[in-house]
Amino acid sequence: MKRLHIAMESTTLANGLKVVIAPDSTAPVVTVGVYYKIGFRLEPRGRSGFAHLFEHMMFQGSANAPKMQHIKLINSSGGVLNGSTSYDVTNYYQAVPSNALERVLWLEADRMRALKVDDENLKNQRDVVKEEVRVNVMNQPYGGFPWLDMPPVAFRNWANAHNFYGDFADLDAADLADVQAFFKTYYVPNNSVLLVLGDVKAAEGIALAEKYFEGIPAGAAPHFADPTEPEQTEERHGFVEEKFGTLPAMAIGYLMPKRRTADWCAMALLDQALHGGRAGRLYRDLVLEKQIAVEADGGIDDIFGYNGPTQMTTRILHKPEFINETALAAFDLVIREVLENGISADELEQLKVKWRSDYYATLEGGRGGYMPKYGLMHLLACFTLFDNEPQLVNTILEGFLNVTREEIQAAGEKYLRKEKRAIVFRNPVKAGLPAKADAKEAA
Amino acid sequence: MATRTVEVARGVPELAAERAVTWPRRTKARLSNGLEVILAESHSIPKFHGELFFRSGNAAVADRTPGLGEMTATVVRTGTAKRVSRQIEEDLRRIGADLSSSAGADTSAISFAGLAEFPEPLLGLVNELAREATFPEAEFERERRQKLEEVKLERTQPGFLASERLRKVLFGAHPYGQVSPSEAQVAAYKREDLQAVYRESYAPENALLLLVGDFDSQETLKTAEKVFGEWKGAKPATKTSAAPPNPRGRRVYLVHVPGAVQTQVLAGCHAITRKHPDWVKLGLTNSLYGGAFNSRLVMNIREDKGYTYSPRSGVNALRQHGYFSVSAAVRNDVVAASLTEIFYEMDRLRSVPVSRAELADAQNYLSGVFSMGLATQDGLLSQLSTVALNELPDDHLETYRQKVRALTPEDLLATARKYLDSANMQIVVVGDRAQIEEQAALFGELEIYDAQGTRLS
């Protein structure tokens with residue numbers, strides 16, 4: 001078995017900024033990321049969608065690089081850039097020819113030190129974000145399903161349950177004072193990690209990080225709201241109208257164990273057994289064999305990158321001649337089967353090989369294919385911010401490859417329980433679903 | 001037109017000296033059966049990526065029925081003389097592999113990736129799919145019914161409706177004119193029709209095998225000969241298609257989606273293929289216009305005016321014809337304002353030469369992004385397939401950046417005048433008629449359709 005070893009060096013600057021350098025001279029390209037440990041889960045109450053809106057504001061100008069300059073300077077150096085907001089982190093990243101490394105570090109340091117934006121920038125990006133929500137959610141069939149539909153059904157703590165893209169009223173209410181307060185609270189060097197991957201030498205990378213970032217003053221350690229959920233003791237249901245789509249849909253989400261526990265590794269393998277493409281039990285049963293569903297996929301989203309309550313979610317779009325209950329009954333049978341009979345030694349062996357292969361693909365995987373080493377950057381960042389241990393990227397695989405059949409069965413019994421799940425039904429408003437009485441039963 | 005002056009940055013570090021870009025050596029070979037093979041080593045992760053292309057896609061058999069190439073590719077993976085569907089999926093998982101089969105307008109492909117430790121079993125399975133697919137009746141029937149739901153569903157996606165209409169307008173009866181089959185056409189698919197396509201197109205003389213990854217090229221070439229060597233089959237005869245229409249004057253096509261809360265705008269005109277000598281010039285012109293984040297169009301209608309999240313332009317290079325297009329999903333009340341800016345930026349590039357500084361920025365962008373493909377196995381694979389399938393010169397990867405750097409403001413002005421054909425752009429808007437009809441009609445004679453393609457007025 002060939003193993004991959006990622007060479008890296010890491011340090012913490014005097015202001016608390018963590019730095020990870022992962023040199024690799026395959027291509028004269030360097031990927032630079034800055035991760036802040038704040039995502040939409042812990043954004044302020046009454047300001048839903050703010051973490052994401054704020055991410056847009058980070059491209060609107062800093063003390064020495066006014067509006068449009070960050071984008072212009074990266075593109076005109078031959079590079080690409082973007083940012084994204086998730087549950088527990090927000091990231092900013094760029095891949096550039098390695099001769100532009102200092103320029104990128106200068107730009108990232110400038111906006112970490114002093115964001116400089118005005119009301120006009122805020123209004124502009126609020127408009128842009130609303131069109132983003134329309135194009136991804138409100139004007140698309142199954143837009144936001146289930147990532148936006150599930151949280152309010154599954155969770156009781158506002159942190160986990162609110163609209164992460166933001167209610168438009170909340171977006172409208174956000175002002176510059178909110179922007180500056182959020183920046184001051186969370187965008188401090190001691191709440192972030194800088195990552196430099198690719199065509200750079202370790203010592204050079206660390207020296208440059210010191211040169212550009214060490215002068216940024218540390219801030220007070222941010223206070224984080226508690227995202228803990230009250231214990232769930234009943235199955236939860238929610239209903240959302242599908243305005244455009246033609247097929248009835250449902251999503252089933254089960255609460256997952258904490259990261260880096262033995263149960264977490266076992267559930268990851270069970271996730272692979274259930275989802276895992278056309279070989280997965282759910283796709284095979286619902287789409288290929290019973291032919292109830294048109295799509296059946298899902299899993300534990302961003303398995304290395306969450307730091308609060310999260311679910312394994314299955315998303316099913318099924319044929320209109322079946323009712324939701326029929327599709328759900330078929331889903332339940334697949335779950336019951338695996339809980340009762342477990343998985344065979346042969347199946348587990350297949351799952352582990354595939355898991356290892358997928359892990360390597362994750363490390364190399366780009367965003368939309370244009371951002372080299374995005375996946376490696378993401379894992380290094382999460383292992384640094386949540387575990388203070390970037391080296392985990394080289395060792396984390398072991399835990400998954402050592403999982404036993406018994407552990408999987410035990411974890412399944414513990415987590416795949418009806419009282420630990422939530423279901424969202426998203427049915428077309430206009431399709432005229434058949435009444436229960438004359439609906440077909442599954443084969 | 002931008003309403004805000006742009007301030008410049010202060011104290012920006014200069015760029016260091018550029019490091020040379022060295023593309024990996026490609027090993028090119030033809031197996032004894034005529035199969036063309038290209039390999040390149042990339043040791044970034046212990047995996048390899050590959051693609052078996054056939055130089056016939058949906059267009060080659062569009063005279064029979066639309067989407068037949070895609071349906072054939074879909075069913076190819078569902079059974080061979082040696083393995084049933086479930087066995088295929090489990091065998092893939094056993095060696096940590098992913099595989100997909102699909103067809104576009106010009107090619108059909110089996111794409112795969114797997115662990116470096118198992119090259120032969122994966123290539124063996126690919127070989128089986130290419131030679132011994134059995135198109136089991138029940139599998140075909142399930143995939144056909146599945147496809148029926150998919151073609152209904154795609155008619156609810158604004159992006160699909162826009163590109164479908166634009167392709168109809170630009171290509172008419174040419175095979176490129178229909179991007180997807182209708183429900184009735186899918187309902188009429190026959191297993192025998194798929195098998196006929198398979199027999200004709202899935203032949204070594206019509207194929208190209210690309211492999212990129214953590215392997216030794218000579219050894220892998222031997223494996224390929226061993227696995228694929230016995231496969232026989234000739235190239236299918238190529239058919240010539242009718243010339244596409246050449247629409248003159250702007251016309252507007254509104255696809256009515258009741259209740260749409262946003263409008264998908266898409267405008268396009270005929271352009272060129274990748275083999276055309278103007279390709280690099282048009283690529284650079286496009287990146288200045290709307291092909292990059294800091295392009296004029298994005299800065300204007302996103303960063304200045306906030307009309308849209310995702311404006312972009314691109315040159316769509318199909319094998320026989322290419323077209324230029326620009327798209328944006330915009331707020332309903334700024335459809336006319338957005339189109340005005342879309343044409344303003346086009347006309348500006350057609351009338352005023354770009355400054356040396358802006359040209360240099362765009363040249364840096366295009367040549368920098370081009371090298372990103374080096375960094376990953378699938379990135380490299382995609383660069384190699386572009387070169388091979390478009391029959392570009394062998395040194396394309398090595399000379400591209402130089403060609404980009406050689407262009408002048410005059411080249412760009414001439415290119416914009418030739419290909420950003422502002423006066424003859426065909427405009428598609430997908431949205432709620434009641435909210436956008438008046439705005440759309442300002443830009444040309446208006447035709448209105450519903451999502452099913454029926455003309456309303």
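The structure is a predicted model, in which local features need pLDDT of at least 70 and side-chain atom pairs count only at pLDDT 80 or more, while totals for chains, interfaces and linings use all residues. Residues are numbered from 1 along each chain as its sequence is written, chains are lettered from A and ligands numbered from 1 in the order in which they are written, and side-chain values use heavy atoms, with hydrogens and water left out. The predictor assigns the complex an ipTM of 0.96 and a pTM of 0.96.

**Chain A as a whole**

Chain A contains 16 helices and 11 strands, where helices (H or I, at least four residues) and strands (E, at least two) are DSSP runs numbered from the N terminus. The C-alpha trace of chain A spans about 70 × 55 × 40 Å along its principal axes. Of the 443 residues in chain A, 65% are buried, a term that means under 20% relative accessible area, with exposed meaning over 50% and partly exposed in between (1.4 Å probe, protein chains only).

Val193(A) sits in strand β6 (residues 192-198) of chain A, and with 0% relative accessibility Val193(A) counts as buried. Apart from neighbours within four places in sequence, the contacts of Val193(A) include Leu17(A), Val20(A), Val34(A), Tyr35(A), Ala381(A) and Leu385(A).

Leu407(B), by comparison, lies in the loop between α14 (396-405) and α15 (409-419) of chain B; Leu407(B) is also buried, its relative accessible area being 11%. Setting aside neighbours within four places in sequence, Leu407(B) touches Val280(B), Lys281(B), Leu284(B), Leu359(B), Gln363(B) and Leu412(B).

For each of these residues, one pairing across the sequence is listed below.

| Residue pair | Separation along the chain | C-alpha separation |
|---|---|---|
| Val193(A) and Tyr35(A) | 158 residues | 5.4 Å |
| Leu407(B) and Leu359(B) | 48 residues | 8.6 Å |

Both pairs are also in contact, as Tyr35(A) is among the partners of Val193(A) and Leu359(B) is among those of Leu407(B).

Definitions and conventions. Contact = heavy atoms within 4.5 Å.
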